[in-house]
Amino acid sequence: MHLAYPAVLAVLLFCVGLYGVLARRNAILVLMSVELMLNAVNLNLVAFDVWLRDTLHAGQALTLFTIAVAAAEIGIGLAIVLLVYRNRGSSDVDKLTDLAERPAGDGADEPPHHPSDQQAEAAA
Amino acid sequence: MTLAAASHGFLTPSGVEIAFLLVGLVTLGAAVVTVTTKQLVHAALWLVVALGGIAVEYLLLTAEFIAWVQVLIYVGSVVVLLLFGLMLTKAPIGRSPDADSGNRWAALLVALASAAVLVWVVVDAFRASWIDLDGAAQGSTEVSGRSLFQHWVLPFEALSVLLLAALVGAIVLSRRGGEDTPDGRAVPGNGHAAAPGAAASTGPDSARREGQR
């Protein structure tokens, strides 16, 4: 098999994932796009491992490690997303702008408060 | 290079290549639908198609063990976790008009530019490289197991520590009310609001334990 087939497929999958990470608003959809990018990398690793006929099978071992790390990442990521959702009432990454730099003199003394944020503070 | 191309039949693809191309098209289409659909749950279900297609590609590359691990962990647990996440964050059923943010055209531009550059580089670099798929399978379970437990034992054990750390981290993150008391103990009986937190803590962890096996 020509090596270009898996390599080009991996490139295209990676770029689809890149578009998803940049364009999606829901945090869970962003995590899905990250999974697509990781899978593109895994496909590349397996293809090059088979191409090089590596006696240590470094590519396949690294693929297994990547899959396990991705599973850990998705668990932690979802826990963080659920925590953000619980505190803010929304999982839109566009609305998580508390650390954003604002123009000077604009709302320095009135930080933007979510209604659910205040509820969370009242409950705490 | 012309000799190599002639010996492998440059414009006469083999059966494996045709199968790889067809499955790759399905995978790529499912991935594109995943990142463009406006229905959130459908995105997760199309992700199953994309990840399953990648598992078939692994099989075509004779990496059997990786293929079944892919099916088990990605299709079996990661997508289920994502669906749990969608449900716990009360994702709207049906079309949600704000699934894409305002910078999607910039994102499309970046993705197309990087795809063009990377495809050009990759095709140019590997124009005369062929994968030899004949002979014994490169990634059968026996071969993978031998290399994993002979040469990669230490990273394997380190990985189990990482999974344990992720387990503990997920539990700590999804525990509710830890900040209420100064000694960091959770307050029991915090009301009905604790229900999603409890469900969240069982969701990721049980699936990750499954993935650890």
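Buried here means under 20% relative accessible area, with exposed over 50% and partly exposed in between (1.4 Å probe, protein chains only). This is a predicted model, where local features need pLDDT of at least 70, side-chain atom pairs count only at pLDDT 80 or more, and totals for chains, interfaces and linings use all residues. Residues are numbered from 1 along each chain as its sequence is written, chains are lettered from A and ligands numbered from 1 in the order in which they are written, and side-chain values use heavy atoms, with hydrogens and water left out.

**View 1. Chain A, a run of helices.** Chain A has four helices and zero strands, in the order α-α-α-α from the N terminus. Helices (H or I, at least four residues) and strands (E, at least two) are DSSP runs, numbered from the N terminus. Of the 124 residues in chain A, 54% are buried. Take the contacts (heavy atoms within 4.5 Å) between residues at least 6 apart in sequence: 56% of those in chain A join residues at least 24 apart.

**View 2. Chain B, helices again.** Here we get eight helices and zero strands, running α-α-α-α-α-α-α-α from the N terminus. Buried residues come to 36% of the 213 in chain B. For chain B contacts between residues at least 6 apart in sequence, 67% link residues at least 24 apart.

**View 3. The largest nonpolar core.** A nonpolar core is a set of buried Ala, Val, Leu, Ile, Met, Phe, Trp, Tyr and Cys residues joined through side-chain atoms within 4.5 Å. This one holds 70 residues, and the members touching the most others are A:L13, A:M32, A:L36, B:L61, B:L82 and B:L86. Two or more residues each come from α1 (4-23), α2 (27-52) and α3 (58-88) of chain A, and from α2 (15-36), α3 (40-60), α4 (64-88) and α5 (104-125) of chain B. Zoom in on A:L13: leaving out residues up to four places away in sequence, A:L13 touches A:L36 and A:A40, plus B:T27, B:L28, B:A31 and B:I54.

View 4. A:H2 sits in the segment before α1 of chain A, and is buried because its relative accessible area is 9%. The side chain of A:H2 reaches the backbone nitrogen of A:A4 at 3.0 Å. A:W51 is 49 residues from A:H2 in sequence, yet their C-alpha atoms are 9.6 Å apart.

**View 5. Helices α3(B) and α4(B), side by side.** Their axes (lines fitted to C-alpha atoms over the stretch in contact, with angles from 0 to 180 degrees between N-to-C directions) come within 8 Å and cross at roughly 175°. That makes the two helices roughly antiparallel, a label for angles over 145 degrees. Among the residues in contact are B:L51, B:I54, B:A55 and B:Y58 of α3(B), and B:Q70, B:V71 and B:Y74 of α4(B).

**View 6. B:Q70, tucked into α4(B).** B:Q70 lies in helix α4 of chain B and counts as buried because its relative accessibility is 0%. Beyond its neighbours within four places in sequence, B:Q70 is in contact with A:N39 and A:I67, and with B:L51, B:I54, B:A55, B:Y58 and B:V75.

How values were computed:
Polar contact = N/O pair within 3.5 Å; in protein donor to acceptor, adjacent residues only side chain to side chain. Parallel < 35°, antiparallel > 145°, perpendicular 65-115°, else oblique.
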